[in-house]
Every structure is written in C-alpha cells, then in structure tokens.
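Please look at the sequence and the model below before reading on.

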2 protein chains.
Amino acid sequence: MTRPLDETHDASARSWVTSANRPGTDFPLQNLPLGVFCRRGSGNIGRIGVAIGDEILDLCALAEADALGGIGPEVAGALRAATLNELMALGRPGARAVRRAAFALLREGSAVRSHAAGHLVPAVEAECLLPASVGDYTDFYASIHHATNVGRMFRPDNPLLPNYKWVPIGYHGRASSVIASGTGVLRPIGQTKEDAAPAPAVGPSRSLDYECEVGAWVGKGNLLGSTVPIAEARDHLFGLCLVNDWSARDLQRWEYQPLGPFLAKNFGTTVSPWVVTQDALEPFRVPRSPRPEGDPEPLPYLDGREDRVSGGYGITLEVYLRSAVMRDGGLAPMRLTSAGFGDMYWTMAQLLTHHAGNGCNLRPGDLLASGTVSGAEKSERGCLLELTARGTEPLTLPTGESRRFLEDGDEVILRGRCEREGFAGIGFGECRGIVLPAQMLPG
Amino acid sequence: MTRPLDETHDASARSWVTSANRPGTDFPLQNLPLGVFCRRGSGNIGRIGVAIGDEILDLCALAEADALGGIGPEVAGALRAATLNELMALGRPGARAVRRAAFALLREGSAVRSHAAGHLVPAVEAECLLPASVGDYTDFYASIHHATNVGRMFRPDNPLLPNYKWVPIGYHGRASSVIASGTGVLRPIGQTKEDAAPAPAVGPSRSLDYECEVGAWVGKGNLLGSTVPIAEARDHLFGLCLVNDWSARDLQRWEYQPLGPFLAKNFGTTVSPWVVTQDALEPFRVPRSPRPEGDPEPLPYLDGREDRVSGGYGITLEVYLRSAVMRDGGLAPMRLTSAGFGDMYWTMAQLLTHHAGNGCNLRPGDLLASGTVSGAEKSERGCLLELTARGTEPLTLPTGESRRFLEDGDEVILRGRCEREGFAGIGFGECRGIVLPAQMLPG
C-alpha cells in the first residue's frame, strides 16, 4: 500500500513563485496544500486553491479554463465546487492528480507557467474559509500523556481508565461550530458549580482553555454497515490540518458525567485552513509509537503491518499565546509548548478503522481530531489544564501578566511542521483564534 | 406567545380523503404532518408531501403547479426542495402557511379539491425518506425515571448524579447514521469486556437494545454566539417525530468512560418519517411536569412562564416488538410498554435553550432527541435495559420465546398518539426497524 515518493517530493525542485523557495516557508513546492478561499471583499463564495509560498493559486479558475493538464473531467468538476467535499470523495487519486498538475505548473521552468497568469492571489488579500462542509466531527483522546495528566487531576489513584489501552476513546463533537482559523471565539456562558456551593451558578467560563490537536479530513467514505480494514484506512484519510478544540473546563467538570463533554466544547472548534494531503506527508511517515513494556498490543482489527511501520506522522506542533497587552506592545506571540505528533498512542488509521468498526458511515469532509497532543514532559503539554496543572502553576508572560486559563483578548496560535533530512520541510500554516468577551446571558 | 387554536384544529372538520376520517387514524385532517417521500421504484429523489389518512399529498407537485393558495413564493420554493431543511429555516410561519393551504385543499367541500387531482399517492406505493438532511444530532437524557433506573444499575448507592436536576444532560450523536423508518439495522460488532476477563473480546453485540424517544426537528436556527431565550425556544422547534436510538449496551459499558457513548450508539438511529408540526400539537400542550418536593426549580434561563404552563406535550408512546417467529406465524407485534411524554423532567424548549446557552449554533434540520422516555412504573420503561433489568428479568413473547435483549430478526415499532377530549386525536405514524445479523468482522 505504500505510495512511492515521486518527483513532487524532490527537495531540489524550486518554484517560479519565489516566496515558495524561502527557507522555512510552510508552503514550498513540495507541500501544495488545498483549501478554500475568497478574495477579501468579494463576498463569501469560496474557491478551491492551493497555497504556494505567500500566494494562493486559484484552482477553480484554472479548472474552469481547462488549464490543469491531466486531471480529467471528474477532478476538474470537483475543483469548481465551493468546498473540497467533492474532491475528498474522489479519495487519494483525486488529490494526487491535483498535486501533480499544480507541481507541473508551479515548478521553475514550467512550460505551462503562463496558465497561472491572473490566477495567483497574494495570501494577504485572501480570506480562508472552512475547507469542507463538515458532516460529522469526531474528537478522540489518542495521547496517553494527555489522558494520564488529565485523569490524574480527577482520579489521582487511577489516572488512566482500564479501557484506554484497548479502545481508541472518542466522542462526537459539534459540526456546526467548526470554524475557520481567524474567527473570534466568544467566551461561553454556562453552568458551573464549586464543590462547596449548594447550587450551580450561571456565568462566563473562568477556565477557558485551548487544546492543540491534529485533524484528519475524511476522503473516500464508507457506507453504513461497512467497515474499513486497517490496511485501507489511510486511503480514507484525505489529509491533515491543525485543530484547536476550545474547552471550558469549569463547564466541562460540572456537565460531563455520565454522557461526556457537551456545552464545554461545542461553542467553537477552530481548524487551520490548509489541508496537507497524504501525498505531501508521505516523506514524514514514521513508525507507530512503540507501546511501553507490559502494555497490550492493539487488537487484531487495529493492528496493521503498514500502520506499525509507518502509521505515525512526524509533525512537530507548537502552541503560541499573545495577550492583548502583548499585541498592543508589539510583542511577538510567546511559544508555550512544543510536542511531537509521532508520539501518539493511537494512529490516525487506527482511529478511523475503530470509528467504522461498528459499521458507522464516515463521509467525505468528516473531521476526525486526535485529541490534545501532549508529550511526557511539561514543555510538551498541549493545553493549559495540563500546563498550569489546573491553574495551580500559572504561566508568566513577557509582559509580567500571569495565566492560569485564557483571558479575553488572548490569541492562541497553533503551528505544525514536518522536517526530515534530505526533504523540503513543510508546514500547516496557522490555526489561530482570539478570545472575545462573553456577550450575553441566556434567558 | 401562545398560538391560538384555529379552524385547522376543529374536530368536526372532515376530509374528502375518506381514510382520513377513519377513527383512530394517525393522519386526520387536523394533523397534516410533513415528510419526504418517493414513489416506489422511481429512484431516491425525495419530494415533500403531507400525510392524509392512507394517502400522501404531493406538495412539491402542487407548489410547482402554483396550486397551493396563499403560501407565497418563498414557501413555494421551499416545497420544491428534496428535503424539509429550507422550509424548516422559515420557522413556524412557513409550516403554518403550508398547514392552512393543505387544510383548505383537503377539507370536505373544498372549492379547490380539483387541484389535488393526480397528486395523491397511496402511502403503500410510497417510500418515506429522511425528512431533512441532519446537520447535527443531539441526544438528551430528559427522563429522570430512565436516568435513575439506568444509574441504579451502575451506581446502586447513588443512582442519580448531582448535576441531573440542574443540567439538561445531553451529548452529540452521529448525524450520518440517522436513518429513515424501515431501514434495517445491522447488529454492530465491537469491543466488549466481561468484568473477570483479562482482555476485551471483539464480536457482535449481545446486548442490543432500542430506546424509545421523541425527536424535535429544529426550524429557525440561531447564529454561532447567540442564544435562544426560553420564551422563544418553541419558535425554533419545527415539529416532533419518534426516534429509536438503538444501543449496544455491552459496547457502551466498556467504551463510555470518560467521554460518553460512541460506537455503542452511532451505528444507526431510526426516525419516524412524518414531522408533526407545532401547530398540529397545539391542542395537546400540557403543563411542564411538576418537580417533586425538594427538587430545585430550574435555573432562571431554563424557567419560562409559558414553558411552565404548557411546555409539555401530551403524547402517549408505545413500544411494540415482533420476532421473526411471530412474523412467520402471522402474529401481530406485541406491545411491550407505554409511557407518557408529558412526564419528562425537562421540556423540549428547555433542551433547546440549554443547547444554545453557550452560543452553540443550531441549524434548520438539526435533530434533538429527548433520551429514553420512561415513566415510574415497570410498564413504562422505554428500553430493554430497564424493562428486563439488564437482562435479569427476561420477557416472554406470545410464541414462548424469551428476550433479555434484541435478537436478529426482531422488529421494533414505536408509536405515538395525542388525544384530548373535544379534539381529533393525531398520531406520529410508525418508527420501525428490524435487526439484521452482524455481517462482517472488522480487520
């Protein structure tokens, strides 16, 4: 099943879009992530594009002009849609056809470079929208470090529940409130209850948190009643993005038993706009994280040879924070943590195969998120709940401000990058959101 | 906010569709529920229709022919769609316009009866589809009897968690696997673990259950970041249906902590095809169920005067079971239980207002389900987990077969009716599903 690397992975290939050759850019010629954008001020009608350096190539316009060689009419039709769902439905072959056509067009010395004339939009003049219409959004819990850290706060003697090492724990999130990077997030209002209080109070959350996660967009779907064998799971994963699963910890603590998080999570989930495709990620596949001695091996339906050898993705994730005071003072965002996605207890393929294991149908454009990505060290904790130990070890910002949880005006920025010797590094772009003050009291 | 009763509620009004005047029909002239159907064998393109007696009036055809007086171009456009989502977005006024036009057309002595010529389809020649494209499906837990019965099995000393009387507990379900009545339901496969076993096993669920619930289709939506005051909640509820939230109890038991049910529920959720509108239900509104002495009153955002006086719906729900042996022997389905929906701890308006209380956006066509509807008595328990006390008190069927949980070939039928002195009784039609054998092992 392994896809061979091809010329689109050649580290020496350069683009005539010069910003794509800048060292450290997230979007060199070897990345070519897909997204949906509109030109600022042109209304909200999305067009499919590909990020290249500091520009966006308008694939919709090129498909309309029949100027993308070799993609075929089906892919061309999908590129004229307002979301990526149709292209996602075509699975990896559709994404690969687009990747090859864009690579041929954008590489230095391209014979068809002229086709791009008038169809390159500076990213600063564009607004990125959601890449797909999300049918269902599922959030997992695939970092054992996160599960253990959080579990320890609630159950000191028994931090990890007995099912964790067998079941890729997940739950359904809210599709309607998945929002594009850059959208402001209102501090939610809800019920909270202090242990000693006789009754809950209603008010703005005082424990607003981010969660740094990786998301997978489902490509090819499966019908209700059918499953996806682990060996085929990767063919159903169209590409990856970054996800900030904003969480109101005080609401969560009071509401979550016995049926799981609800209003603590469904007020907003931010995704990065660019879908980094499976083919772009091919060079950065890494072995599945080995299980500690004594842990059970995955059950057979979750254990595939290819997944064992290369089911992980070597993505380094970073979380940055910038307060309103920092922004006013012209200070750059402060990096809070960094963690490796290769370290997860469950792979994305395992999550997808488990999800469909009971016959649940996944559809093109569904979003699966990994759960908070945390490592073993304090510097690798992917949410404030863990990083400040439930607020007991506040952070200090460069302004001298301290943070236990997020304050109004705080901006959270997630970044992700893949690097490997001999290959051009690629990135995910930013997943960004700013906390806005609570606006209204219900009722 | 109360809508006055009007001539469409007049119990003496009769239809020229004679089956609509038959005593006990679910679909008399006073009901006029909306749904989406196709003629058998004509492909799966849905058309909006209204149920009348044993027939379906094709509203799409009538809208195309401009033959529904007084509905206006916006409603007419919505009726030409393949789902009810557009009409739902128009809220109660849109539904009311359709109700009045259909009533005028279908009543005995109608001057415009001829408009219906060629547009009445016998229900037996039609297949009912999902009434709407479900954006998000949310399941609640609004029966305190159900919550207590189930909680007692898992926590004998402390059946009801401390948040129950304050928070309308809910969680996100799976939208992709919401299916129309009549669709077969494959027994799901998944991980289960016996307490004494060292490791989980993978196999078909051995504790497959139904849950008898009432669903509410969201009409008018609310934007992300906005809330819905309790006094306005009913205007966001387009209409009601029946829901069977199939549940694999053994999968649920092993997977559900700490994030709630997932694969135990998302393999299929059956809804009845007809949306009984708010206007049709108007005569059957009842006071919100009084809280037992000592229970807290709802928090202010969940406490509305109108909701207190008439937030409940006087619906009697029934669950029927027919095994394959009963079907082969020509036996009628056996009634297992009957419960009153007026008895719920939380009203539909409270559920919706709570859901949007943190700014979560609800969209037209979203589905909210009540959770299992159970009463205080054993004869009122809305799922087998409760009815057979987790399988320890099996049922006996008329064939002598016994049931702890559902067997392959079992057919579960939910029915619901509203009756009130001086008014024509109305019903919901059936919510029906048959259990099919597990078909494949994952991986």
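The text below describes symmetry first, then a sheet, then a pocket and a cavity.

This is a predicted model, in which local features need pLDDT of at least 70, side-chain atom pairs count only at pLDDT 80 or more, and totals for chains, interfaces and linings use all residues. Residues are numbered from 1 along each chain as its sequence is written, chains are lettered from A and ligands numbered from 1 in the order in which they are written, and side-chain values use heavy atoms, with hydrogens and water left out.

**Symmetry**

Chain A is superposed on chain B by a rotation of 180° with 0.0 Å of shift along the axis, at an RMSD of 0.0 Å (least squares on the C-alpha atoms of residues with pLDDT of at least 70 in both copies). That is the relation of a two-fold axis. Both copies use the same surface, as 98% of the contact residues of chain A recur in chain B (contact means heavy atoms within 4.5 Å). Within chain A, the residue that comes closest to the rotation axis is A:G260, with its C-alpha at 2.2 Å.

**A sheet in chain B**

In chain B, 5 strands form an open sheet in the order β4-β3-β2-β1-β5, with antiparallel pairing. Strands (E, at least two residues) and helices (H or I, at least four) are DSSP runs numbered from the N terminus, and two strands pair if DSSP finds at least two bridges between them. The edge strands, each pairing on one side only, are β4 (120-122) and β5 (126-128) of chain B. Strand β3 (residues 55-58) of chain B is joined to β4(B) by 3 bridges. B:L57 is opposite B:L120 in β4(B).

**Pocket and cavity**

On a 1 Å grid over the protein atoms alone, a cavity is a set of points where a 1.4 Å probe fits but cannot get out; a pocket is an open set with protein on both sides within 12 Å along at least five of seven lines, and lining residues have an atom within 4 Å of a point. Grid points are joined across faces, edges and corners, and a volume is the space filled by probe spheres set on the points. Ala, Val, Leu, Ile, Met, Phe, Trp, Tyr, Cys and Pro count as nonpolar, Asp, Glu, Lys and Arg as charged, and the others, Gly among them, as polar.

| Space | Volume | Lining classes |
|---|---|---|
| Second largest pocket | about 720 Å³ | 12 nonpolar, 9 polar, 16 charged residues |
| Largest cavity | about 260 Å³ | 9 nonpolar, 4 polar, 8 charged residues |

Among the 37 residues lining the second largest pocket, B:S207, B:R249, B:D250, B:R253 and B:L385 lie nearest its centre. The largest cavity has 21 lining residues, and A:Y141, A:V150, A:R249, A:Q252 and B:L259 lie nearest its centre.
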